[in-house]
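This report describes the fold of one protein for a reader who is new to structural work. Please keep the sequence and the structure in view while reading.

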Amino acid sequence: MFKEISPKEIKGNPIKMIDEEWMLISAGDEKGFNMMTASWGFMGEIWHKDSVVIAIRPQRYTMEFVDKSDYFTLSFYGDRKDIHAVCGKQSGRDINKAEAAGLTPVFSDETVYFEEARLVIVCKKRYKGRLQPEGFTLGECAELYPADDRHYMIIGEIVKVYEKV
């Protein structure tokens, strides 16, 4: 069971949460959805809105669902790395990742999240742009993309936050 809280009531350091706990980025609806593990992202404020920034490579199956949806979720699972072992290494094109990871989908008016999460952040897409080669000021960052599969950066306004009770 979840209770809705404001974004400013989120407990924990977002840098630590994303870097150490990791998160699932999810999008879609009852007709189809996917999720992926992510350990890169940001939380803060832009355009006078509590917001997140996520990074998704173009070839990721989840990108297709984020592209088709107005909303996406970020969900956190504490130390449940078993979930990320499936969702970070398997493709939803090949398997039912929710089933394989033991996740129970919950469909809201906006998008999908999972009952097993300790925290869910529902976001409305506000911007999507691809990292451009000329924007890199450090060569080591550009070197992360030998296949030219530079991330899309997606800014989402935080519209709801659910905390497990």
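## Overall fold

The protein has five helices and ten strands; helices (H or I, at least four residues) and strands (E, at least two) are DSSP runs, numbered from the N terminus. Its radius of gyration is 15 Å, close to the 15 Å that the globule rule gives for 165 residues, so the protein is as compact as a globular protein of that length. The radius of gyration is taken over C-alpha atoms, and the globule rule is 2.2 Å times the number of residues to the power 0.38. Along its principal axes, the C-alpha trace spans about 45 × 40 × 30 Å.

The model is predicted: local features need pLDDT of at least 70, side-chain atom pairs count only at pLDDT 80 or more, and totals for chains, interfaces and linings use all residues. Residues are numbered from 1 along each chain as its sequence is written, and side-chain values use heavy atoms, with hydrogens and water left out.

## Surface and contacts

Of the 165 residues, 41% count as buried. Buried means under 20% relative accessible area, exposed means over 50%, and partly exposed lies in between (1.4 Å probe, protein chains only). The protein exposes about 8900 Å², and carbon and sulfur atoms supply 50% of this area. Accessible areas come from the Shrake-Rupley method with a 1.4 Å probe; for residues, only the protein chains shown count as cover.

A contact means heavy atoms within 4.5 Å. Among contacts between residues at least 6 apart in sequence, 73% join residues at least 24 apart.

## The nonpolar cores

In soluble globular proteins, nonpolar side chains tend to be buried together. A nonpolar core is a set of buried Ala, Val, Leu, Ile, Met, Phe, Trp, Tyr and Cys residues joined through side-chain atoms within 4.5 Å. Which members of the largest nonpolar core touch the most other members? Of its 24 residues, these are Phe72, Leu74 and Ile121. Among the elements that give two or more residues to this core are helix H1 (14–21), helix H2 (61–68), strand E6 (71–76) and strand E9 (119–130).

Setting aside residues up to four places away in sequence, phenylalanine 72 touches several residues, including Val52, Ile54, Val66, Ile121 and Ile154. A second, separate core of 18 residues includes Val106, Val112, Phe114 and Ala117.

Histidine 84 lies in helix H3 (residues 81–87). Is this residue buried or exposed? Histidine 84 counts as buried because its relative accessibility is 3%. Its side chain and that of threonine 37 are joined by a polar contact of 2.9 Å. A polar contact is a pair of N or O atoms within 3.5 Å; within protein, one must be able to donate a hydrogen and the other to accept it, and residues adjacent in sequence count only if both atoms are side-chain atoms. Beyond four places in sequence, the residues that histidine 84 touches include Thr37, Tyr77 and Trp22.

Tryptophan 22 is in the loop between H1 and E2, and its relative accessible area of 29% makes it partly exposed. Most residues other than glycine have a negative phi, and most peptide bonds are trans. Tryptophan 22, although not a glycine, has a positive phi of about 70°.

Glycine 44 belongs to strand E4 (residues 41–46) and is partly exposed, with a relative accessible area of 38%. Leaving aside neighbours within four places in sequence, glycine 44 is in contact with Lys49, Asp50 and Ser51.

Histidine 48 sits in the loop between E4 and E5. At 75% relative accessibility, histidine 48 counts as exposed. Its phi is near 65°, a positive value in a residue other than glycine.

## Cysteines

A disulfide is a covalent bond between the sulfur atoms of two cysteines. Here a disulfide is counted as a pair of cysteine sulfur atoms within 2.5 Å, and by this rule the count comes to zero. Cysteine 87 is buried, with a relative accessible area of 0%, whereas cysteine 141 counts as partly exposed at 29% relative accessibility.
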